[in-house]
Amino acid sequence: MLAPERQKKIVQLLREAGTVYVSDLSQRFDVSEETIRRDLDRLEREGVAHRIHGGAISFEHTRIEPSYRAKLHLNTEQKQTIAAEAAKMVEEGDTVILDMSTTTVFLAKELRRKRDITVVTNFPLVINEFADASNVTVVSTGGTLNRPGFCLVGHETEEFVRGLHVDKTFLSTKAISVEHGLTEGDLANIAVKKLMIAAAKQVILLADSSKFGSVAFAQLAPLSAIDVIVTDDRISPEQVTEIEELGIKVIVAGT
């Protein structure tokens, strides 16, 4: 069995059980424990798993968040497609919030071509995308750097966002379900994201299809707080119908 196929099967086991162990995987796949350790190290770099002594745990079963570097390389094709669709919703003269998510980095790349828009963000990677885009006004929220997510959070950030009134907020979240709404793994981000939702006339959730049907550590908001969801074509028709029945518009990018 080739390494990519074995790693794919390990991911499936992680999603089912939440935890896997080196010794068990070595026997299951008939390879050395060192080979399995390399597999798990790779999955951690990709943001799929968190290494523990003797094995790994799934990020889907813990509040531990993968680093922003790892997230940038996850589902990139879907994120690009979602970002291109979301950019169509931004009009000349709009003031928009882009939250801390790797999908909004892809959206920022698309918005560089827009004119006379103002972008507010707490994510330095988004700011960087507009470094030479003189047609876009960029406003940083300020605040304290949350290193795992490389975003600005805390009292100063919250006070700044609390005073805003914008046209649109584009945000993401770790997990989405009809029953539990939007859930996050990092508590430090939740307070800021809630205020970003409250500040906007229209709230657009950018979410690749892998996030639907799962639940993370703590609730960010009910689905009713969202006006539009932009996702990719791997979402099931049943999931789209279930969400639209709640009165939320779902845009499937690339279709």
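Where in the chain is the place of P222? In this predicted model, P222 sits in the loop that lies between strand 13 (218–221) and strand 14 (228–231). When its neighbours within four places in sequence are left aside, P222 is in contact with G181 and L182. A further comparison can be made with F170: P222 and F170 are 52 residues apart in sequence, and their C-alpha atoms are 16 Å apart in space.

The largest nonpolar core has 60 residues. Those with the most contacts inside this core are F170, L98, L107, F130 and V230. For F130, the surroundings can be listed in detail: not counting residues up to four places away in sequence, F130 touches L98, A108, L111, R112, V119, V136 and V138. There is also a second, separate core, which has 14 residues, including V11, V20, V22 and I36.

The domain assignment places residues 3–63 in domain 1 and residues 71–253 in domain 2. The centres of domain 1 and domain 2, taken over C-alpha atoms, are separated by 30 Å.

Two pairs of helices now deserve attention. In general, two packed helices are described by the angle between their axes and by the distance between the axes. Helix 1 (residues 3–17) and helix 3 (residues 33–45) have axes that come within 10 Å and cross at roughly 70 degrees. Because angles of 65 to 115 degrees count as roughly perpendicular, helix 1 is roughly perpendicular to helix 3. On the side of helix 1, the residues that meet helix 3 are R6, Q7, I10, V11 and L14. Their partners in helix 3 are T35, I36, D39, L40, R42 and L43. By class, this contact has 6 nonpolar, 2 polar and 3 charged residues. V11 and I36, which take part in the contact, also belong to the second core.

The other pair is formed by helix 8 (residues 155–162) and helix 9 (residues 187–198), whose axes come within 9 Å and cross at roughly 5 degrees. Angles under 35 degrees count as roughly parallel, so helix 8 and helix 9 are roughly parallel to each other. Here T157, E158, V161 and R162 in helix 8 meet A191, V192, L195 and M196 in helix 9. The residues of this contact divide into 5 nonpolar, 1 polar and 2 charged.

Methods: Residues are numbered from 1 along each chain as its sequence is written. This is a predicted model: local features need pLDDT of at least 70, side-chain atom pairs count only at pLDDT 80 or more; totals for chains, interfaces and linings use all residues. Side-chain values use heavy atoms; hydrogens and water are left out. Axes are lines fitted to C-alpha atoms, for helices over the stretch in contact, and angles run from 0 to 180 degrees between N-to-C directions. Helices (H or I, at least four residues) and strands (E, at least two) are DSSP runs, numbered from the N terminus. Angles under 35 degrees count as roughly parallel, over 145 as roughly antiparallel, 65 to 115 as roughly perpendicular and the rest as oblique. Contact means heavy atoms within 4.5 Å. Ala, Val, Leu, Ile, Met, Phe, Trp, Tyr, Cys and Pro count as nonpolar, Asp, Glu, Lys and Arg as charged, and the others, Gly among them, as polar. Domain bounds come from an automatic or database domain assignment. A nonpolar core is a set of buried Ala, Val, Leu, Ile, Met, Phe, Trp, Tyr and Cys residues joined through side-chain atoms within 4.5 Å. Buried means under 20% relative accessible area, exposed over 50%, partly exposed in between (1.4 Å probe, protein chains only).
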